[in-house]
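Subject: Structure handover and findings

Hello,

Here is the structure we talked about handing over. Please look through the notes below once you have it open.

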Amino acid sequence: MEHPGGKGRVRVGVVVFPGSNCEYDTVHALEHLPEAEPYYLWHKDRDLGGADCIVLPGGFSYGDYLRTGAIARFSPIMQEVAAFARDGGLVLGICNGFQILAEGHLLAGALLRNRSLKFICHAQHLRVERVDTPFTSRFRVGQVIQIPVNHNEGNWTGGPDGQSGVEDRGLVVFRYCDEEGSVTPSANPNGAEGNVAGIIDEGGTVLGMMPHPERVSEAILGGTDGLSVFGSMIDHVLLGRC
């Protein structure tokens, strides 16, 4: 698959599954970064089209049948995404994308039904725990940002390793918090262990997050905190070319 574009731009493949509904928002957000060249990848593709980064967007892949992400992980494109990740390629999974990465064992733990057993959709404060990742270099440690949540199964659990295993390895990147940055039960929208909102893999190149950065990537929508996630990815690729 060929996607001709500007010389030197960072190619970002946005994967579309049947039921995805945030792919257009994601591409629109990336188009605010002049160095980025976003394009779509179909779930049946077996070629990533020369991607520098991959984004698995939010939505309801395959109608969320069985479990969220459980069918999408077997899509042909995910074989290529997994190989790309193993080779050190940057992969960002947003909401349903996070669920797919967990189901595919590219990230630790699993995403369960929200504690309330209700769908949630609202603005949410997050605390940035790490800035030494390819996805967070534009933030500060401890910075409180606001990125909306929109999910029914965002209750992260550490699984067999437990939360302590993820904490001990320093894999937590974002936590749910209040506007002052306090990580409290009342600031946890879905019951996730340790208020976990986003984690990274051991290699530091695969990030999953439940909040939607593409929805706060321009001021007219109420904020630009999300653009810093995409911008950090672009910065990392460009720095690697120097």
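Two strands count as paired if DSSP finds at least two bridges between them. With that in mind, Val-16 of strand E1 has Trp-42 in E2 as its bridge partner. Please note that this is a predicted model.

Strands E1 and E2

E1 covers residues 10–16, and E2 covers residues 36–42. The two strands pair in the parallel sense, with seven bridges between them.

How much of E1 is covered? Seven of its seven residues are buried. On one side these are Val-10, Val-12, Val-14 and Val-16, and on the other Arg-11, Gly-13 and Val-15. Both faces of E1 are therefore covered, as all of these residues fall under the 20% relative accessible area that defines buried.

E3 runs over residues 53–56. Cys-53 and Val-55 point one way from the strand, Ile-54 and Leu-56 point the other way, and all are buried.

E3 is parallel to E1, and three bridges pair the two strands. Two of the residue pairings can be named: Val-14 has Val-55 as its bridge partner in E3, and Gly-13 has Ile-54.

E3 is also joined to E4, residues 90–94, by four bridges, and these strands run parallel as well. Which residue of E4 stands opposite Ile-54? Val-91 does. Between E3 and E4 the chain passes through helix H2, residues 76–86, in a right-handed β-α-β crossover.

Nonpolar core

The largest nonpolar core has 66 residues. Ile-54, Leu-92 and Phe-174 are the residues with the most contacts inside this core. Helix H5, residues 227–241, supplies the largest share of the core, six residues. As a general point, nonpolar side chains tend to be buried together in soluble globular proteins.

For Ile-54 the contacts can be listed, leaving aside neighbours within four places in sequence. Ile-54 is in contact with Gly-13 and Val-15, with Leu-41 and Leu-48, with Val-81 and Phe-84, and with Leu-90, Val-91 and Leu-92.

Cys-95 lies in the loop between E4 and helix H3, residues 96–103. Is Cys-95 buried or exposed? Cys-95 counts as buried because its relative accessibility is 5%.

Salt bridges

How many salt bridges does a search of the whole structure find? The search finds ten.

- Glu-129 and Arg-127 meet through their side chains, with 2.7 Å from N to O. Glu-129 is partly exposed, at a relative accessible area of 21%, and Arg-127 is also partly exposed, at 23%.
- Arg-130 and Asp-132 form a salt bridge in which the closest N and O atoms are 2.8 Å apart. Asp-132 counts as exposed because its relative accessibility is 58%.
- Asp-235 and Arg-138 meet at 2.8 Å, N to O. This pair links distant parts of the chain, 97 residues apart: Asp-235 is in helix H5, and Arg-138 is in the loop between strand E7, residues 125–128, and strand E8, residues 144–146. Asp-235 is partly exposed at 29% relative accessibility, and Arg-138 is partly exposed at 40%.

Arg-127 and Glu-129 also belong to a network of salt bridges, in which they are linked with Glu-167 and Arg-175.

Regards

Terms used
Residues numbered from 1 in each chain as written. Predicted model: local features only at pLDDT ≥ 70, side-chain atom pairs only at ≥ 80, totals over all residues. Heavy atoms only, no water. Buried < 20%, exposed > 50% of the residue type's maximum accessible area, 1.4 Å probe, protein only. Right-handed = clockwise from strand over helix to strand, strands pointing away. Core = buried A, V, L, I, M, F, W, Y, C linked by side-chain atoms within 4.5 Å. Contact = heavy atoms within 4.5 Å. Salt bridge = Lys/Arg side-chain N within 4 Å of Asp/Glu carboxyl O.
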